[in-house]
Amino acid sequence: MSSASSSPATPPRPSGATPVLSAVPDVGSEPHSRLLLGLLLAAALLPRLLLMPFNENFYGDAVARTELAERWVRAPHVITSYGDGAYQFGPLHLYLVGLALQVVPDKALAGRLVSLLFGVLSVVPLFALTRRLFDWRAGVWASLAFSVWGMHLQMSTTAASESLSLFLMLWMFALVAKGLDENRLGPLFGAALVLNLACATRYDAWMFIPLLCVALLFWGQDRVAGLTRAMSFGLLCLPFPLLWMQGNEMAHGDPFYPIHAVDQFHAEWVKEGIARVGAWRYRLESLGFWPGVALLTLSPGVALLGMVGMWRSWRSRPDVRWLVLAAVVPTAYFTFRAAVLLDFQPLGRFTVTELALLLPFVVPGLEALRGAGARKAVAGLCSVLAVAVPVATGLYTFRADGGLRDSLRPVSPTSTNPVPLMQVARFLKDEVAPQGGAAVLDMDPNYMDLQLAFFSGLPDERLARVRWETFRKHLREARPEYLVRFDGGSLVKDPGAKLEGRTLTLDGVAYEELDGFSAPLHVYRRH
């Protein structure tokens, strides 16, 4: 009986393909790998560097993650649970942002540099994965499409965790492909260790443990070898999830406490969405969400070619079906939860890994066209769209609010906070902070007070935030000269607050509203 260490037992592959996972004949001499990767890294870096001066931390809990990393820097320790400093986030990203804060004191920049680094480096595993499955030209096209991917441009220039997470996931997929291609367990062991890191970054990586175990079990015709691969990979994927579950069990009595906390957020968002558009429209929008985000952010040409290539490869390449499943199964799972169970709010950030897996299949999709002329014309059109769509989306949403712009901004290349909020933040940073002043910040139901505090330039000791349980203590100690109120905020509901026209009285201290600011924010100065 053969084993995992015996000669490869691989699925059927096209005749004439020399490597196990190569279905494309040699189409020309490959450039020097270091030079090629250097050029691809430069292509990924350039548009991200252009956006760095303009983009701001907004989506993906970038501000909350940075503030948690700041707390960790003040008291470094091994985070073991939700309540130990990570809350609903994975701890790895917080560690890295914390380390960056020790090198780059500017908290608005440090986390963004972490994302920039891993966002650009993602080209390396993407190219390696695509080159191994198809050929180096397919790897180049996938990498170039990745370089101008609008949603990833935002994610790799803000301090959210998706850039790090996608880098780890692509690295893991590249190692799995190498292990299968070379019929070796070593790369699969490496892939399992990398998946531990991805699980320590984002919870949506956890589902890939059972998914890939099943895919590895049924890859090839040798069931003993498949069982060996699946068992070895699965066991090596468990250290972080088990330790994290144990920590949350000890701290909160529930090993899945952070995941359940995230689910509660989604349940509330679903209720709000149904109240806004109705149940059936919500279901229909959820059904079309993943393909819609692909068409919008990757551009229609790249997305459609990737989908066609994925379907074509599923039919003709049994050896790459594991990667197709890695894209399709999570998409189907989240779509089912959103459209049928109504317990999940689709977010662009939850599509990142699955959309990235369309890129290796772009060239196979192009090859489905008959005739060199047709392929050349479609390739040219798709190249233009791949650049034009993110440029148009980015310009449309840049520092402009309202209507369709607010819907597109989470997946736009440009990430900017609402204009009225940044106007107040600049006032606090330029006029109040340099004078040693302090301010009261209202609690906004949409969490905009978190953004305002982050960009205000005021340290915690000079802020009295209604969101804090220690609000009254900070109010007494800081004696704020300024106050910021949000429309619909919590401050006016406080028993000690009274709003009369342009005067707001808080605990007997009167504040008069200043001119020059726009709703939903109102700025007051102590009378």
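Strand 6 (residues 509-513) is joined to strand 7 by 3 bridges, and the two run in the antiparallel sense. Within this pairing, Glu513 has Tyr524 of strand 7 as its bridge partner. The model discussed here is a predicted one.

Strand 7 is also paired with strand 3, again in the antiparallel sense, through 5 bridges. Here Tyr524 of strand 7 is the bridge partner of Leu483. In general, strands of a sheet pair through backbone hydrogen bonds, in either a parallel or an antiparallel arrangement.

These strands belong to an open sheet of 7 strands, whose order is 2-1-3-7-6-5-4 and whose pairing is mixed. Strand 2 (463-465) and strand 4 (497-500) form the edges, each pairing on one side only. From one strand to the next, the twist averages 25 degrees. A parallel pairing is found between strand 1 (residues 439-441) and strand 2, which are joined by 3 bridges. In that pairing, Val440 has Ala464 of strand 2 as its bridge partner. Helix 22 (residues 419-432) packs on the sheet, where it touches strand 1, strand 3 (482-486) and strand 7 (521-526). The direction of helix 22 makes about 25 degrees with that of strand 7.

Attention now turns to helix 1 (residues 33-51). Its 19 residues, at 1.5 Å a residue, should span 27 Å, and the end C-alpha atoms lie 28 Å apart, which agrees. The buried residues of helix 1 are Leu36, Leu40, Ala44, Pro47, Arg48 and Leu51. Several of these positions can be read against helix geometry: an α-helix has 3.6 residues a turn, so residues three or four places apart point the same way. The buried residues of helix 1 pack against helix 4 (107-121), helix 5 (123-133), helix 6 (136-147) and helix 7 (150-155).

The cysteines remain to be considered. The structure holds 0 disulfides. Cys199 is in no disulfide, and the nearest cysteine sulfur, that of Cys237, is 6.9 Å away.

Note on methods. Residues are numbered from 1 along each chain as its sequence is written. This is a predicted model: local features need pLDDT of at least 70, side-chain atom pairs count only at pLDDT 80 or more; totals for chains, interfaces and linings use all residues. Side-chain values use heavy atoms; hydrogens and water are left out. A disulfide is a pair of cysteine sulfur atoms within 2.5 Å. Two strands pair if DSSP finds at least two bridges between them. Helices (H or I, at least four residues) and strands (E, at least two) are DSSP runs, numbered from the N terminus. Axes are lines fitted to C-alpha atoms, for helices over the stretch in contact, and angles run from 0 to 180 degrees between N-to-C directions. Contact means heavy atoms within 4.5 Å. The expected span of a helix is 1.5 Å times one less than its number of residues. Buried means under 20% relative accessible area, exposed over 50%, partly exposed in between (1.4 Å probe, protein chains only).
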